[in-house]
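Please keep the sequence and the structure in view while reading.

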Amino acid sequence: MGSHILRGSPITSSTTIIFNPIAIAKPSPILSKLLSSPNSLPASRFKTHFRISPRKPIASSVSSAGFGVSFGRSHRSFRGGNFVAMAAPGPVQKSEEEWRAVLSPEQFQILRQKGTEYPGTGEYDKFFGDGVYNCAGCGTPLYKSTTKFNSGCGWPAFYEGLPGAINRTPDPDGRRIEITCAACGGHLGHVFKGEGFPTPTNERHCVNSISLTFIPANSDPSQ
């Protein structure tokens, strides 16, 4: 299946973004309503759910080994710089049209259609702030920043996730293990074992930046 190359969009005239054709769909009635009536949502959430990030081109597949949004808030708190996280109270289930309405095209392609960012393009690849990484789809806490390390693979790498937050499923070809958000099923990336990195688990969770939302350690949990 071919790809479409989009150039010269109103958002950026110098960025080329490659999309899987199936990821570019006619906007749903829900999305059209939200976009035409931005005052129907709080401004902060509206900007989060419909933010288009031209810095992160997407490929439907990447040959290298490297490889929805709920309006509810996740349970999180920060005490003295230490993160205390709990997984979502139950599964987050939405139809395809509902996911399209609350995710950007990039997020939908990766989280719901198992796409992959190009290596070295993700927002969090070289980022090492103190805090926690939530699922960009449903807000469930997935990784503590203390488990992130520089693997040099081109994608954010973690040596373990928060307990019960991540599911593992072998790919159909049996060559890799896919990791997904346990709450909403959003695609995160893949996990690799035995690569020799000096980490406590000898594992590398290779995660798409677009699948994550970083929450700084000094965030106010009431907001």
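The points below are grouped by topic.

The model is predicted. Its protein chain has 223 residues, of which 45% count as buried, and its secondary structure comes to 4 helices and 15 strands. The accessible surface of the chain is about 11,400 Å², with 53% of it belonging to carbon and sulfur atoms.

**The six-strand sheet**

- An open sheet of 6 strands runs in the order β9-β10-β14-β13-β12-β11, and its pairing is antiparallel.
- β9 (148–149) and β11 (166–170) are the edge strands; each has a single partner strand, so one side of each is left without a neighbour in the sheet.
- In general, the strands of a sheet pair through backbone hydrogen bonds, in either the parallel or the antiparallel sense.
- β11 is joined to β12 by 5 bridges, and the two run antiparallel. Within this pairing, Pro170 has Ile177 of β12 as its bridge partner.
- Between β12 and β13 there are 4 bridges, again in the antiparallel sense. Ile177 is also found opposite Val191 in β13.
- β12 and β13 make a hairpin with 5 residues between them, and Gly185 in the turn has a positive phi of about 80°.
- β13 pairs with β14 (residues 203–207) over 5 bridges, antiparallel. Bridge partners here include Phe192 with Arg204 and His190 with Cys206.
- β10 (residues 157–158) pairs with β14 in the antiparallel sense over 2 bridges, and Phe158 stands opposite His205 in β14.

**Burial of β13 and β14**

- β13 is mostly covered, with 6 of its 7 residues buried.
- For β14, 5 of its 5 residues are buried.
- In a regular strand, side chains alternate between the two faces of the sheet.
- Which residues of β14 point one way and which the other? Glu203, His205 and Val207 point one way, Arg204 and Cys206 point the other way, and all are buried.

**The largest nonpolar core**

- The largest nonpolar core holds 28 residues, and Leu142, Tyr143 and Leu212 have the most contacts inside it.
- At least two residues of this core come from each of α3 (96–102), α4 (105–112), β7 (131–135), β8 (141–144), β12 (177–181), β13 (187–193) and β15 (212–216).
- Leaving aside residues up to four places away in sequence, Tyr143 touches Val132, Tyr133, Phe158, Glu160, Gly161, Leu162, Ile166, Ile179, Leu188, His205, Val207 and Leu212.

**Aromatic pairs**

- The structure holds 8 aromatic pairs.
- One of them joins Phe127 and Phe214: the ring centres are 4.8 Å apart and the planes are at 75°, so the pair is edge-to-face. Planes over 60 degrees apart count as edge-to-face.
- The pair links distant parts of the chain, with Phe127 in the loop between β6 (116–117) and β7, and Phe214 in strand β15, 87 residues apart.
- The cut-off for buried is under 20%.
- Phe127 and Phe214 belong to one aromatic cluster with Tyr124, Tyr133, Tyr143 and Phe158.

**Charges over rings**

- Lys94 lies over the face of Trp99, at 5.7 Å from the ring centre.
- The charged end of Lys148 sits over the ring of Phe128, 4.0 Å from its centre.

**Val102 in helix α3**

- Val102 is found in helix α3, and its relative accessibility of 5% is why Val102 counts as buried.
- The C-alpha atoms of Val102 and Gly137 are separated by 8.5 Å, and the two residues are 35 residues apart along the chain.

Technical notes: Residues are numbered from 1 along each chain as its sequence is written. This is a predicted model: local features need pLDDT of at least 70, side-chain atom pairs count only at pLDDT 80 or more; totals for chains, interfaces and linings use all residues. Side-chain values use heavy atoms; hydrogens and water are left out. A nonpolar core is a set of buried Ala, Val, Leu, Ile, Met, Phe, Trp, Tyr and Cys residues joined through side-chain atoms within 4.5 Å. Buried means under 20% relative accessible area, exposed over 50%, partly exposed in between (1.4 Å probe, protein chains only). Contact means heavy atoms within 4.5 Å. Two strands pair if DSSP finds at least two bridges between them. Rings of Phe, Tyr and Trp (its six-membered ring) pair if their centres lie within 6.5 Å; planes under 30 degrees apart count as stacked, over 60 as edge-to-face and the rest as tilted. A charge sits over a ring if NZ of Lys or CZ of Arg is within 6 Å of the ring centre and within 35 degrees of the ring normal. Accessible areas come from the Shrake-Rupley method with a 1.4 Å probe; for residues, only the protein chains shown count as cover.
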